[in-house]
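Please find below my note on this model, arranged as numbered points. I would ask you to read it with the coordinates open.

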Amino acid sequence: MTITITAFDRSPDGGKGLARDTRVRWALEEVGLPYEVRLVPMPAMKQAAHLALHPFGQIPTYEEGELTLFETGSIVLHIAERGPGLFPADANARARAITWMFAALNSVEPPILELVIVKFAEGDKPWKDERQPLVENRVRARLTQLADRLGDADWLDGDFSAGDLLMVSVLLRARPSGLLDEFPSLAAYVARGEARPAYQRAFAAQLAVNTRPA
Ligand code: GTB
């Protein structure tokens, strides 16, 4: 059954891998599932055909036969269940990997997204200069806790898992702010994720899309 995901026709990041199709591509590469990509221009994301796949008019989506999924957490979980490499065999270890997936999306990504919002969406607001350091300190607090837990381990809980895949993906969004580099162990953790051949293939694929001639 063909797997088709959607991605930005042109990502606003120009191919730095920060749009969320990269994490789905990465998961598919880790488990070795081939996939196709349908590129969606911005206006089409809010039209009926795409809204039927994604109620919020966003990318990525995932189609496989009669199954349609949205939300990267759900998509990566589904992929991790489809092939080897992203979930451990032991049931308790698998439950912990899922816990790290939720932690990435529910506890680490939200403060990092606030950082992006205050810098870009609220960059012209009168409160921006007051709000930015507050938001930055919230990110620092969460990254301090994460670094404490990671310690000098390579991955969050034993072998690389879907929890690490999402955590690395989320942390990548903190890098442009410089905050990730304040935490050398987390920066090294992200670099380990980026060095994985599956990540390299996913990154190269999205880069090719976003640097193709107009
Ligand atoms: N919770 C959802 C999920 O995890 O799947 C969030 C999906 C989402 O935010 N999708 C974004 C989108 O479709 C693209 S990834 N936005 C268009 C819209 O909402 O109208 C977010 C993103 C966008 C741009 C960059 N960038 O340029 O660096 C990075 C990430």
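This is a predicted model: local features need pLDDT of at least 70, side-chain atom pairs count only at pLDDT 80 or more; totals for chains, interfaces and linings use all residues.

1. Residues are numbered from 1 along each chain as its sequence is written, and side-chain values use heavy atoms, with hydrogens and water left out.

2. The protein chain is divided into domain 1, made of 3–85 + 198–211, and domain 2, made of 91–196; these bounds come from an automatic or database domain assignment. Taken over C-alpha atoms, the centres of domain 1 and domain 2 are 21 Å apart. To their contact (heavy atoms within 4.5 Å), domain 1 contributes 15 residues and domain 2 contributes 20 residues.

3. Between domain 1 and domain 2 about 1500 Å² is buried, with carbon and sulfur atoms giving 62% of that area; buried area here is the accessible area (1.4 Å probe) that two parts lose on being put together, summed over both. On the side of domain 1, the residues that lose the most area to domain 2 are Leu 18, Arg 23 and Trp 26, which together account for 39% of what that side buries.

4. The interface of domain 1 and domain 2 holds 4 salt bridges, a salt bridge being a side-chain nitrogen of Lys or Arg within 4 Å of a carboxyl oxygen of Asp or Glu. Glu 81 and Arg 94 form a salt bridge in which the closest N and O atoms are 2.6 Å apart.

5. Which helices supply at least two residues each to the side of domain 1 that touches domain 2? They are α1 (21–31), α4 (72–82) and α9 (197–210), where helices (H or I, at least four residues) and strands (E, at least two) are DSSP runs numbered from the N terminus. The largest share of that side, 5 residues, comes from α4.

6. Strands β3 (residues 61–64) and β4 (residues 67–70) run antiparallel and are joined by 4 bridges; strands count as paired if DSSP finds at least two bridges between them. Glu 63 has Thr 68 in β4 as its bridge partner. The hairpin has 2 residues between its strands, and Gly 65 in it takes a positive phi near 60 degrees.

7. By the rule already given, the salt bridges come to 15. One of them pairs the side chains of Arg 212 and Asp 9 at 2.8 Å, N to O. This pair links distant parts of the chain, since Arg 212 is in the segment after α9 and Asp 9 in the loop between β1 (3–8) and α1, 203 residues apart.

8. Two backbone features deserve a check. Most residues other than glycine have a negative phi, and most peptide bonds are trans. Ile 59 and Pro 60 are joined by a cis peptide bond, with omega about 0 degrees, and Pro 60 is placed in the loop between α3 (48–51) and β3. Glu 71, in the loop between β4 and α4, has a positive phi near 75 degrees.
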